[in-house]
Amino acid sequence: MLDAFAKVVSQADARGEYLNVSQLDALGAMVAEGNKRMDTVNRITANASSIVANAARSLFAEQPQLIAPGGNAYTSRRMAACLRDMEIILRYITYAIFAGDASVLDDRCLNGLRETYLALGTPGASVAVGVSKMKDAALAIVGDRAGITAGDCSAIMAEVASYFDRAASSVA
Amino acid sequence: MKTPLTEAVAAADSQGRFLSSTEMQTAFGRYKQAAASLAAAKALTHTPPQCPALTTRPPRRVRLSAFVTSGTTCVWSPTAWLWAEQAQWTTTLLLVSLKSTRPLT
């Protein structure tokens, strides 16, 4: 598992080079905007259950065959498994935002997930839709201007979106 | 590679929970030190090259003198040779121009 600092160091080490000015400046910018990152993690963490529940509700409204008899989320046990998986994906995305690097999300969550879903007969495309619904909800919460100092958060918003897209595309 | 941030994530992940305020504090501590660490890394990596000794100062009438060697710019100021990387060139030039409005001694 790497964070943004370790990622830059390991890349430079692999080439046997010193860190260059732009890498150091990028890390400096990340540190300077650290509060935005922490606020983002905090907000998604605090609203995790509502993000998951609303995304699932919206997904099942859109694809009612999932909860119809014989559907992949039919019976409470399978519904629970679906909600649990969505929460786990969201949790690893908060880890990735916190670390500033996608390696924790890749290594511990997405690696082998598609194969697992294939083996279990879970529709990966539906999971991907669920993840993209969580993305919309999370971005709305992160971008909420109430209760924070006004500023430009486009960089962190784009980074958050990229982690959700990564998760969605890896299971689709 | 272990860092304070990855250790915080590992602690939360081992219990299967979201990051708590304790782990958040780790990040604040890390960020507090990081600015100084990065400045130190930058200073050690990008050591200023040697500019010519003061004996090679340019003629009295020359207000501003500069030359470029391998990406580094040496600039004459009233007291010493300054060096600047390409990115800082404009700022340095401006500073030196302001300084050189005083007559050279």
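Me: pLDDT is the predictor's confidence in each residue, from 0 to 100. Which element of chain B has the highest mean pLDDT, and which the lowest?
Reply: This is a predicted model, and chain B has a mean pLDDT of 70, with 44% of its residues at 70 or more. Among the elements of chain B, helix H1 (residues 4-14) has the highest mean, 95. The lowest mean, 50, belongs to strand S1 (residues 66-69) of chain B.

Me: Over which residues of chain B is the pLDDT below 50?
Reply: The stretch in question has eight contacts in the model beyond near neighbours in sequence. The pLDDT is below 50 over residues 101-105 of chain B.

Me: What area do chain A and chain B bury between them?
Reply: The size of an interface is often given as the accessible area lost when the parts come together. Here 35 residues of chain A are in contact with 27 residues of chain B. Carbon and sulfur atoms carry 75% of the buried area, which is about 2700 Å².

Me: Which residue of chain B forms a salt bridge with A:Arg108?
Reply: The rule finds three salt bridges across the interface of chain A and chain B. In the one formed by A:Arg108, the closest N and O atoms are 2.7 Å apart, and the partner is B:Asp13.

Me: Which element gives the largest share of the side of chain A that touches chain B?
Reply: Helices H1, H2, H3, H5 and H6 of chain A each give two or more residues to that side. Its residues divide into 21 nonpolar, eight polar and six charged. The largest share is eight residues, and it comes from H5(A).

Technical notes. Residues are numbered from 1 along each chain as its sequence is written. Chains are lettered from A and ligands numbered from 1 in the order in which they are written. This is a predicted model: local features need pLDDT of at least 70, side-chain atom pairs count only at pLDDT 80 or more; totals for chains, interfaces and linings use all residues. Side-chain values use heavy atoms; hydrogens and water are left out. Contact means heavy atoms within 4.5 Å. Buried area is the accessible area (1.4 Å probe) that two parts lose on being put together, summed over both. A salt bridge is a side-chain nitrogen of Lys or Arg within 4 Å of a carboxyl oxygen of Asp or Glu. Helices (H or I, at least four residues) and strands (E, at least two) are DSSP runs, numbered from the N terminus. Ala, Val, Leu, Ile, Met, Phe, Trp, Tyr, Cys and Pro count as nonpolar, Asp, Glu, Lys and Arg as charged, and the others, Gly among them, as polar.
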